[in-house]
Amino acid sequence: MSSAPDALLDLLDLLDLEQIEQDIFRGTSRSAIVPRVFGGQVAAQALVAAGRTVPADRPAHSLHSYFLRAGDPGAPIVYSVDRIRDGRSFTTRRVVAVQHGQPIFHLSASFQTYEEGLEHQAAMPAAPDPDTLPTAAEMLPRYADRFSDPTVVDRLIEARAAVDLRYADAPPFGTVGQPREPRSQVWFRTNGKLADDPLLHVCMATYVSDMTLLDSVLLAHGRGGWAVGDVVGASLDHAMWFHRPFRADEWLLYDQESPSASGGRGLGQARIYTQDGRLAITVIQEGVVRVPRES
């Protein structure tokens with residue numbers, strides 16, 4: 001099992017795309033809990049590709065994306081960037097991720113030069129001190145009996161080794177069969193310091209944002225999740241707005257809730273705050289959430 005520093009270096013290497021032609025980049029994948037490319041990975045890599053065609057003084061302020069097909073973790077992903085617009089204040093990029101000749105993911109991202117403007121934000125909700133919460137390595141073995149596959153705990157710990165992610169309350173697989181308020185909080189930060197590159201911090205937050213956002217959908221119905229096997233699903237779309245500067249190697253509170261589930265889909269929405277209370281990011285995602293059919 002990789003140590004935290006090694007895992008973070010592996011993740012940084014994953015996000016360091018190879019440029020194979022002007023506006024065309026290639027990335028590899030890492031193993032995931034499910035046999036497909038992790039959605040947060042392809043979203044983060046697509047944002048890296050877009051950001052590398054934009055001047056450094058124009059940070060990302062939003063992205064909108066669709067997951068089109070399941071990615072093959074054993075094959076490279078080619079990211080093609082379309083320079084939609086370069087304006088005085090805003091720059092827009094469109095990225096298509098392709099595998100085996102077919103698009104698997106589509107992203108539109110917008111970047112803006114810094115400017116002064118009106119200021120207000122939603123207040124940060126109450127949350128426990130992250131340093132008082134158990135790490136994934138401490139918390140996950142407590143729920144080993146919830147998973148039919150005995151390797152799930154080790155694989156979950158391995159998949160999250162680059163990121164210190166701590167649940168404020170029991171995760172969905174900790175309260176199977178007990179519906180509760182459709183709300184979840186986690187604290188996260190990378191397991192090590194990152195370079196002073198705003199694009200890197202935005203891409204790292206994008207990567208993590210797909211890990212737990214649909215938890216609140218599961219909580220409302222007492223479902224344990226994909227690893228438990230009482231639901232099947234996948235991300236459909238993902239949108240993020242980056243409001244204020246932040247560092248992904250410092251604690252961030254991911255405050256998540258689900259306002260609706262219907263038609264085999266569940267909606268998650270969230271706000272990400274810095275530890276000192278600044279609203280950094282808003283996230284919305286819809287995913288397929290289905291109860292498996294009985295054979």
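## His201 and its surroundings

Not counting residues up to four places away in sequence, His201 touches Leu194, Ala195, Phe246, Arg247, Ala248 and Asp249, where contact means heavy atoms within 4.5 Å. The model is predicted: local features need pLDDT of at least 70 and side-chain atom pairs count only at pLDDT 80 or more, while totals for chains, interfaces and linings use all residues. Residues are numbered from 1 along each chain as its sequence is written, and side-chain values use heavy atoms, with hydrogens and water left out.

His201 is found in helix α5; helices (H or I, at least four residues) and strands (E, at least two) are DSSP runs, numbered from the N terminus. At 3% relative accessibility, His201 counts as buried, a term for under 20% relative accessible area, against over 50% for exposed and partly exposed in between (1.4 Å probe, protein chains only). The His201 side chain reaches the backbone nitrogen of Ala248 at 2.9 Å. The C-alpha atoms of His201 and Pro245 are separated by 9.1 Å, although these residues are 44 apart along the chain.

## Ser216

Ser216 belongs to helix α6 (residues 215–220) and is buried, with a relative accessible area of 0%. Its side chain reaches the backbone oxygen of Glu257 at 3.4 Å. Leaving aside neighbours within four places in sequence, the contacts of Ser216 are Pro182, Arg183, Ser184, Gln256, Glu257 and Ser258.

## Sheet and helices

An open sheet is formed by 12 strands in the order β1-β2-β4-β5-β6-β3-β9-β12-β11-β10-β8-β7, with antiparallel pairing; two strands pair if DSSP finds at least two bridges between them. At the edges are β1 (18–21) and β7 (163–167), each of which pairs on one side only. From one strand to the next the twist averages 25 degrees. Strand β3 (residues 60–67) is joined to β9 by five bridges, and Leu63 has Met240 as its bridge partner in β9.

Helix α2 (residues 39–51) lies across β2 (24–27), β3, β4 (77–86), β5 (90–99), β6 (102–112) and β9, at about 50 degrees to β6. Helix α5 (residues 198–209) also packs on the sheet, touching β3, β7, β8, β9, β10 and β12 (279–290), and its direction makes about 150 degrees with that of β9. For these angles, axes are lines fitted to C-alpha atoms, for helices over the stretch in contact, and values run from 0 to 180 degrees between N-to-C directions.

## Aromatic pairs

The structure holds six aromatic pairs. Rings of Phe, Tyr and Trp (its six-membered ring) pair if their centres lie within 6.5 Å; planes under 30 degrees apart count as stacked, over 60 as edge-to-face and the rest as tilted. Two of the pairs are tabulated.

| Pair | Centre distance | Plane angle | Class |
|---|---|---|---|
| Trp187 and Trp251 | 6.5 Å | 80 degrees | edge-to-face |
| Phe188 and Tyr254 | 6.1 Å | 70 degrees | edge-to-face |

Phe188 in strand β8 and Tyr254 in strand β10 are 66 residues apart, and both are buried. Trp187 and Trp251 are buried as well. Elsewhere, ring pairs link Tyr143, Phe147 and Phe173 into a cluster.

## Nonpolar cores

A nonpolar core is a set of buried Ala, Val, Leu, Ile, Met, Phe, Trp, Tyr and Cys residues joined through side-chain atoms within 4.5 Å. The largest has 69 residues, of which Val42, Leu47, Tyr79, Phe105, Phe242 and Ile281 touch the most other members. Helix α2 gives the most to this core, with eight residues. Apart from it lies another core of seven residues, including Ala168, Trp187, Leu253 and Leu279.

Technical notes:
A polar contact is a pair of N or O atoms within 3.5 Å; within protein, one must be able to donate a hydrogen and the other to accept it, and residues adjacent in sequence count only if both atoms are side-chain atoms.
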